[in-house]
Amino acid sequence: MNALEVRELTKVYPEFKLDKVSFCVEQGHISGLIGRNGAGKSTTIKSILRLISAEGNVSVFGKDFLKEEMTVKQMIGYVGGGFQYYPMNTLAAIRKAYAPFYPSWNQSRYEKFLSQFELIESKKVKELSEGMKVKFALALALSHGAKLLIMDEPTSGLDPLSREEFCDIILQLVRKEGVSVLFSTHITSDLMRIADDIVYISQGKILAACSLKELLCKYKLAQFASLADASAVNAIGVKAVKEGFEGLLPSDMQISENITVTDATIDNIIVHLEKANEEKKHVESD
Amino acid sequence: MLNLIKKELRLCLHPTAFIFLFFAVLVFVPNYPYEVIFFFSCLSIFFSCMMTRENGDIAFSCALPIKKEHIPFAKMLVVFGLQCIILLLVGIIGAIKGVVLPAEQYVNQAGISANLVLVGNGAILLGIFNLIFFPCYFKNPDKIGVPFIVGAIVIFLLIGVFIVLRWATPLYSTTLNGLNYENTGAKSVALAIEIVVYGVLSAVSCELSMKNFQKVDL
């Protein structure tokens, strides 16, 4: 059973459309939702959680979100960036208001997380660093026994050390507690560290939803001496670089010896797929 | 629902929501338009909504295991509770004033006396404010100013109407004015009617707010 199944999620704004977004998060997996700024990552997450009204179906551990909203929300821990709420209130005041909503709230577990994350409950939210805010949001989400963590850019605004620490915590949660995770980010190094699967969204459309390994094996990064060389092999998202041109080629393609190919990173794949997508959009608009 | 109400009380209410309740003692001020006391109650709603926005409370609440329409319902139940308290306090303190002050000092030259009908007038003012403010606010919880200004203008116009009625109509200037033990029956009927009107206006406001909030994208 999948932890999360999203089917044909659609939301239309005057200037943006989330277009039939479909993907799954497997149980016990970490899925990274990636895409450039404005690609629709936050809209997707908000649509999943019904923070915005969107068409389409969402089910969590086989339960339909709309039909069993209360049960489903008990299973979800939502971390929207850091903890941006109630800056003037203490962590204790927030916990006291938050915990009664969850019959499965485990106070000793919460206290364990507080000590693990070095959080002091008498502090006010505004007194916490960005990293601490994320940790507090995690402590709240995990103390009610959330089986699925949905996080919207939890690592943006964190320094590299805090990001590393965050990734360690998530990995530990998945390994020890069997939690499933969907988190959006545009920091690809975090994905390389912890993600099992990738959901890649661009201009409101899913361009890839597969395992990280599969995505990385799908393309090779090719260097070309001229644009004509790149065009000759139909390279994807060709762009000028310092020494000639660069583009993606499908891994299963027969590649001639005069083209230099290397393994593509997620960054390479995103940059070139985005470029190809933009070119396609220009052609369609012309 | 009880948990949501507790959360409202713990995290969302501005201190003025409680402080302004004490403004019920203004009924002891001689010759003052006592209906203004109820405007302070409306002002505290405005402050609490500001606090809700600054705290990101609505987005936080939406992620909790509750139905979306429960959010406006809980917020409004808390407000109705506070409004009932101020109505009760004005009634009680007004009655105390009637007991401790001589009758000639009890009569208000700037509006209706601090009697049961004042409580009823307050209920009408609060009910109308609820009907104007909340459905508009829950259409877009980020915009609090416009619904409040429209609500406040209507409230002050109505206060003006009540003052005119106090001087222009025998019903308000004689029958419904003065101490509670004079024309008690008429005053009680007026109060009962006004309380029912408050209940209906608030219920309609609640229904509209819940409907409007369903369409809000956070």
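A: Once neighbours within four places in sequence are left aside, A:Gly131 is in contact with A:Leu158 and A:Ser162. The model in which these contacts occur is a predicted one. A:Gly131 belongs to helix 5 of chain A. This glycine is buried, because 20 other C-beta atoms lie within 10 Å, and a count of 20 or more is what the term buried requires.

Helix 5 of chain A spans residues 130-143, and its axis comes within 9 Å of the axis of helix 4 of chain A, residues 107-116. The two axes cross at roughly 160°. Angles over 145 degrees count as roughly antiparallel, so helix 4 of chain A and helix 5 of chain A are roughly antiparallel to each other. Their crossing is right-handed. On the side of helix 4 of chain A, the contact is formed by A:Arg109, A:Tyr110, A:Phe113 and A:Leu114; on the side of helix 5 of chain A, A:Ala139, A:Leu142 and A:Ser143 meet them. By class, the residues of this contact comprise five nonpolar, one polar and one charged.

Helix 3 of chain A, residues 91-98, has as its buried residues A:Leu91, A:Ile94, A:Ala97 and A:Tyr98. Because these residues cover an arc of only 130° around the axis, they lie on the same side of helix 3 of chain A. They pack against helix 5 of chain A together with helix 1 of chain B.

Helix 1 of chain B leads on to the contact between the chains. There, 18 residues of chain B are in contact with 21 residues of chain A. On the chain B side, the elements that give two or more residues are helix 1 (2-12) and helix 4 (57-62) of chain B. The greatest contribution to that side is made by helix 1 of chain B, with five residues. The side of chain B that touches chain A has eight nonpolar, three polar and seven charged residues.

Taken together, helix 5 of chain A contains the buried A:Gly131, crosses helix 4 of chain A and, along with helix 1 of chain B, packs against the buried residues of helix 3 of chain A.

Methods
Residues are numbered from 1 along each chain as its sequence is written. Chains are lettered from A and ligands numbered from 1 in the order in which they are written. This is a predicted model: local features need pLDDT of at least 70, side-chain atom pairs count only at pLDDT 80 or more; totals for chains, interfaces and linings use all residues. Axes are lines fitted to C-alpha atoms, for helices over the stretch in contact, and angles run from 0 to 180 degrees between N-to-C directions. Helices (H or I, at least four residues) and strands (E, at least two) are DSSP runs, numbered from the N terminus. Angles under 35 degrees count as roughly parallel, over 145 as roughly antiparallel, 65 to 115 as roughly perpendicular and the rest as oblique. A crossing is left-handed if the near helix is turned anticlockwise from the far one by less than a right angle, and right-handed if clockwise. Two residues are in contact if their C-beta atoms, placed from the backbone, lie within 7 Å. Ala, Val, Leu, Ile, Met, Phe, Trp, Tyr, Cys and Pro count as nonpolar, Asp, Glu, Lys and Arg as charged, and the others, Gly among them, as polar. A residue is buried if 20 or more other C-beta atoms lie within 10 Å of its own, exposed if 12 or fewer, and partly exposed in between; C-beta atoms are placed from the backbone. The arc is that of the directions from the helix axis to the C-beta atoms.
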